[in-house]
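Subject: Handing over the structure

Hello,

Here is the structure you are taking over. Please open it first, then read the notes below it.

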Amino acid sequence: MKKLLATSVLAAALVSVAAIALEDGPFTAEQARSGAALYGANCAGCHGARLQGAGEAPPLAGISFMAAWGNRSVDELYNLVKASMPYGNGNSLDVDSYRKIVAYVLLANGAKPGNAALAGSEAVKIGSVADGKAEEMSVDVGRAFRFPKSLGFTVDNDIRARIGWQQTRSSTFINDLARGGSSRLSDIGRSSVSMNADTDLSETVIFTLQGSRVITYDNNFNRRATQYVLSTVFQVQFFGEPK
Ligand code: HEC
């Protein structure tokens, strides 16, 4: 018998405490998405598919980009790109494409999309919305097990459990050639541990328990925020014959 499966979440509870974040970037997710394709077609040939730079073309993401651009504004970046890029062919794309490409460059440097579309005249400091690209690392372990009968449990269902660990850290340094030193612009990160267990209460009801602990830190300002999240979800599944 074929079955149609629909899942609905009946109840969920969530406890959460806010953490430190960058301001939203002055562009929309939509702009950055189409900017990625336009970047691929017009810029990646010289600056690299991952904005890593090559030969004479400098990197457009990461530590060295942030060192050059962190204290400059979004409109400066937009004006430079529009006037002189693709190299030797400035002003060859339409204004909207330049906006989208700059939105994508900001996104690639860790900026978060916001509600306002990028116009190109924003005086926002790039360092206040972007932190260079973050390195990510994550581990996930998952397995199913049963309540041990020997302990007197009568439930005969698998408990599917997952434990995950994730760490993100991003630091930006500036090399001061004149003074021969290196100073830290930013050193921020986040580490989290999460646990997730679910079991079938009956053929149509799944119970899920999730918990996590997230630590966000900013070493420059010596700030640290810890957040605990605990949530429970009941899922009810509906079965029906396809028409
Ligand atoms: C034909 C190769 C080529 C293409 C295509 C190209 N660039 Fe460049 N780009 C360069 C070179 C070379 C430089 C360095 C110019 C200089 O130093 O005067 C540069 C510099 C830049 C800079 C200044 C970086 C800095 O840190 O000073 C930005 C930003 C930039 N390009 C963005 C773009 C964007 C966005 C596109 C696509 C619309 C693009 N480029 C297409 C070769 C290219």
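I start with the ligand. Its shell holds 16 residues, and C43, C46, M85, P86 and Y87 come nearest. Two elements give two or more residues to that shell: α2 (44-47) and α4 (74-84). The top contributor is α2, with 3 residues. Sorted by class, the shell has 12 nonpolar, 3 polar and 1 charged residues. Please keep in mind that this is a predicted model.

M85 and P86 are joined by a cis peptide bond, with omega at about -10 degrees. P86 sits in the loop between α4 and α5. Most peptide bonds are trans.

Now the chain as a whole. The protein chain has 6 helices and 6 strands. What order do the elements follow from the N terminus on? They run β-α-α-α-α-α-α-β-β-β-β-β. The protein chain has 243 residues, and 21% of them count as buried. Consider the contacts with a separation of 6 or more: 64% of them link residues 24 or more positions apart.

Next, how the helices pack. Two packed helices are described by the angle between their axes and the distance between the axes.

- On the α1 side, the contact residues are Q31, A32, S34, G35, A36, L38 and Y39. They meet S97, R99, K100, I101, A103, Y104 and L107 in α5.
- The residues of this contact between α1 and α5 are 8 nonpolar, 4 polar and 2 charged.

The pair α4 and α5:
- The crossing of α4 past α5 is right-handed.
- From α4, L77, Y78, V81 and K82 meet Y98, I101 and V102 of α5. This contact of α4 with α5 has 6 nonpolar residues, no polar ones and 1 charged.

I101 of α5 is listed in the contact with α1 and also in the contact with α4.

Most residues other than glycine have a negative phi. L51 is not a glycine, yet its phi is positive, at about 60 degrees. L51 lies in the loop between α2 and α3. Is L51 buried or exposed? L51 counts as buried, because 21 C-beta neighbours lie inside 10 Å, and 20 or more is the mark for buried.

N91 also has a positive phi, near 60 degrees, and N91 is not a glycine either. N91 is in the loop between α4 and α5. N91 is exposed, because 11 other C-beta atoms lie within 10 Å, and 12 or fewer counts as exposed.

1. A67 is in helix α3 (residues 63-69). A67 and L185 are 118 residues apart in sequence, but their C-alpha atoms are 8.4 Å apart in space. A67 has 16 other C-beta atoms within 10 Å, so A67 is partly exposed.

2. G114 is in the loop between α5 and α6 (126-129). G114 and A29 are 85 residues apart in sequence and 7.2 Å apart in space, C-alpha to C-alpha. Which residues does G114 touch, leaving out those up to four places away in sequence? G114 touches D24, G25, P26 and F27. With 15 other C-beta atoms within 10 Å, G114 is partly exposed.

3. I163 belongs to strand β3 (residues 158-176). I163 and M195 are 32 residues apart along the chain, and 4.5 Å separates their C-alpha atoms. I163 counts as partly exposed, with 14 C-beta neighbours inside 10 Å.

If you want one place to begin, go to the cis bond between M85 and P86. Both residues are among those nearest the ligand.

Best regards

Definitions and conventions
Residues numbered from 1 in each chain as written. Predicted model: local features only at pLDDT ≥ 70, side-chain atom pairs only at ≥ 80, totals over all residues. Helix = DSSP H or I, 4+ residues; strand = E, 2+ residues; numbered from the N terminus. Near = placed C-beta within 6 Å. Nonpolar A, V, L, I, M, F, W, Y, C, P; charged D, E, K, R; others polar. Left-handed = near helix turned anticlockwise from the far one by under 90°. Contact = placed C-beta atoms within 7 Å.
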